[in-house]
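This report describes the ligand site and the pockets of the model shown here.

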Amino acid sequence: MVGSTIEIDLEALRYNFSQVRKLVGQTAAILGVVKSDAYGHGMVSVARELENQGVEYLGVSTSREAMTLRQEGVSSPILLLLGIEKDEITDVIHHGLTPVLYRSDFARELSSAALAADTPIPVHLKIDTGMGRLGVPYREAKDFFELVQSLDGIRVEGLLSHFASADEHDKSFSSQQLERFRQLLIQAENIGLNFRYAHMANSAGIIDLPDSYLQLVRPGIMLYGGLPSQELHRPVPLKPVMTLKTRVLQLKEVPADSPVGYGCTYLTSRPSRIATLPIGYDDGYDRLLSNKGEVLVRNRRAPVVGRVSMCLTTVDVTDIPEVQPDDEVVLLGKQGDQEITADEIAAKTGTINYEIFCNFGGLRKKHFLNSSVP
Ligand SMILES: *Cc1c(COP(=O)(O)O)cnc(C)c1O
């Protein structure tokens, strides 16, 4: 049966990883962010590939994701970016995971669990230096440092914070966040708290803010071939990793003035050839692409006509007469010398490339190409 597939090009992932390495050099280690199924690219295969390329750390949101990685044989250190719930502490100890810590009640819980298990638990302290989201507010960091310092069983390995707007042209707020972070490092040092890894840089920091590299960097989107925004000062060449493909399910000739799709929102202006594709919003192909999106077929662009429905989408191929049933159709990625990027789709649906990858990544059928893992 015809169906839609995601292709994940692991050679492109390796290229992007090598671009990060080239930027940060040997001084900073790399934490590959593979949360949310590696931004839809398949967490386990991506993690294995990065591990084979020498990534020093992996980052996920939850202990559930981390346990999946461990069960699949991934042995790199894993940072739990959202921290943990109390009932996850035994898993953390058992699987050797590293939670981020930003609550004093969790600090105490972790300490007593570590002492009870006679196993030190590594943690990274997360400080909010201005983003206003997760982390200890930087003005309260000193008390938190002192608390953590007083607790046995916790092995403080890292200090991290997150940029709110490093992808924007104006870097003044990022510089302010970085300066606050540096002050925190001094404060901590003054009470004898030192970190193996201080880290702040996401992809935007890696690309535009070399001062933010410190001992570890945390690339996400750039590993997958996406730039964090169009406003960067020194964009680096990257290769998109994900391709979304489907096939022509049915091809039909219709006269002028024929409606297409739900709501009859499109009327043919001439005798037309309409190709119906077995993909829809259930596969992450956004309904906002109705009468707006474009796809590639026979190395040409064809417009989406009518509404995208749950499992089907219609495109006008009147101007591409060679199109046949079962022809390959590319919705994201390259075909011949044409390319549809996640940025192009994101601009049409009012979002960012990150969300496009996550949405398409929900498609279960993934093919991994060019793996280097034995
Ligand atoms: C998701 C995430 C990143 C990666 O951000 P990108 O913009 O994709 O590079 C880095 N750090 C933290 C804490 C994150 O949650």
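In this predicted model, a polar backbone atom of glycine 220 is 2.9 Å from an oxygen atom of the ligand. Ligand oxygen is also 2.7 Å from an N or O atom in the side chain of lysine 35, and 2.6 Å separates a ligand oxygen from an N or O atom in the side chain of tyrosine 39. On its own the ligand has 390 Å² of accessible area, of which the protein covers 91%.

Lys35, Tyr39 and Gly220 belong to the shell around the ligand, which also includes Val33, Leu81, His162, Asn202, Ser203, Arg218, Pro219, Ile221 and Tyr354. The shell consists of 6 nonpolar, 4 polar and 2 charged residues.

At least two lining residues come from each of α2 (35–40), α9 (203–208), α10 (342–349) and α11 (353–361).

For the second largest pocket, the residues closest to the centre are Lys239, Pro240, Val241, Met242 and Glu339. Two or more of its lining residues come from each of β1 (5–9), β11 (242–247), β19 (328–335), β20 (338–340), α10 and α11.

| Pocket | Volume | Lining | Composition of lining |
|---|---|---|---|
| Second largest pocket | about 400 Å³ | 24 residues | 11 nonpolar, 6 polar, 7 charged |

Conventions
Residues are numbered from 1 along each chain as its sequence is written. This is a predicted model: local features need pLDDT of at least 70, side-chain atom pairs count only at pLDDT 80 or more; totals for chains, interfaces and linings use all residues. Side-chain values use heavy atoms; hydrogens and water are left out. A residue is near a molecule or strand if one of its heavy atoms lies within 4 Å of it. A polar contact is a pair of N or O atoms within 3.5 Å; within protein, one must be able to donate a hydrogen and the other to accept it, and residues adjacent in sequence count only if both atoms are side-chain atoms. Accessible areas come from the Shrake-Rupley method with a 1.4 Å probe; for residues, only the protein chains shown count as cover. Ala, Val, Leu, Ile, Met, Phe, Trp, Tyr, Cys and Pro count as nonpolar, Asp, Glu, Lys and Arg as charged, and the others, Gly among them, as polar. Helices (H or I, at least four residues) and strands (E, at least two) are DSSP runs, numbered from the N terminus. On a 1 Å grid over the protein atoms alone, a cavity is a set of points where a 1.4 Å probe fits but cannot get out, and a pocket is an open set with protein on both sides within 12 Å along at least five of seven lines; lining residues have an atom within 4 Å of a point. Grid points are joined across faces, edges and corners, and a volume is the space filled by probe spheres set on the points.
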